[in-house]
Amino acid sequence: MSSAPAARQDPRFLEALSDLEVDVGPGAFDVHTPLLLTPGEIQVRLQAYAQHIPPRRLWVNPDCGLKTPRWEEVEANLKAMVAAARALRAQWEGRDAEGA
């Protein structure tokens, strides 16, 4: 799995990786800002990533380590990230693993 700090990037950068048979974990949220995201906001970001990387190869993780933000921010964003991942898995369940 290749992790990529992507929360501030245009998801189109993932096109460069789409032909590689590698799992990718673009960041679901930026740990260097105190911004608290909703599950819906993270879902939108993950859906944009899935336009370039098949869901079966898409990992859900924060941009990088969780050392810099306050614990309250970390916990809130991790909960939102997990809720977004669960909602998308339920939505994608039964769909082609390639996302087609």
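Reply: By contact I mean heavy atoms within 4.5 Å. Residues 24 or more positions apart make up 72% of the contacts in the protein with a separation of 6 or more. Keep in mind that this is a predicted model: local features need pLDDT of at least 70 and side-chain atom pairs count only at pLDDT 80 or more, while totals for chains, interfaces and linings use all residues. Residues are numbered from 1 along each chain as its sequence is written, and side-chain values use heavy atoms, with hydrogens and water left out.

Me: OK, which pattern does the protein follow along the sequence?
Reply: β-β-α-α, with 2 helices and 2 strands. Those are DSSP runs numbered from the N terminus: helices are H or I, at least four residues, and strands are E, at least two.

Me: What box do the C-alpha atoms fill?
Reply: Roughly 40 × 25 × 20 Å, along the principal axes.

Me: And how much of the protein is buried?
Reply: 37% of the 100 residues, where buried means under 20% relative accessible area with a 1.4 Å probe, protein chains only.

Me: Which residues touch the most other members of the largest nonpolar core?
Reply: Ala 28, Phe 29, Ile 42, Leu 46 and Tyr 49, out of 18 residues. A nonpolar core here is a set of buried Ala, Val, Leu, Ile, Met, Phe, Trp, Tyr and Cys residues joined through side-chain atoms within 4.5 Å.

Me: Which elements give two or more residues to this core?
Reply: Helix H1 (39-50) and helix H2 (71-92). H2 brings the largest share, 5 residues.

Conventions. Buried means under 20% relative accessible area, exposed over 50%, partly exposed in between (1.4 Å probe, protein chains only).
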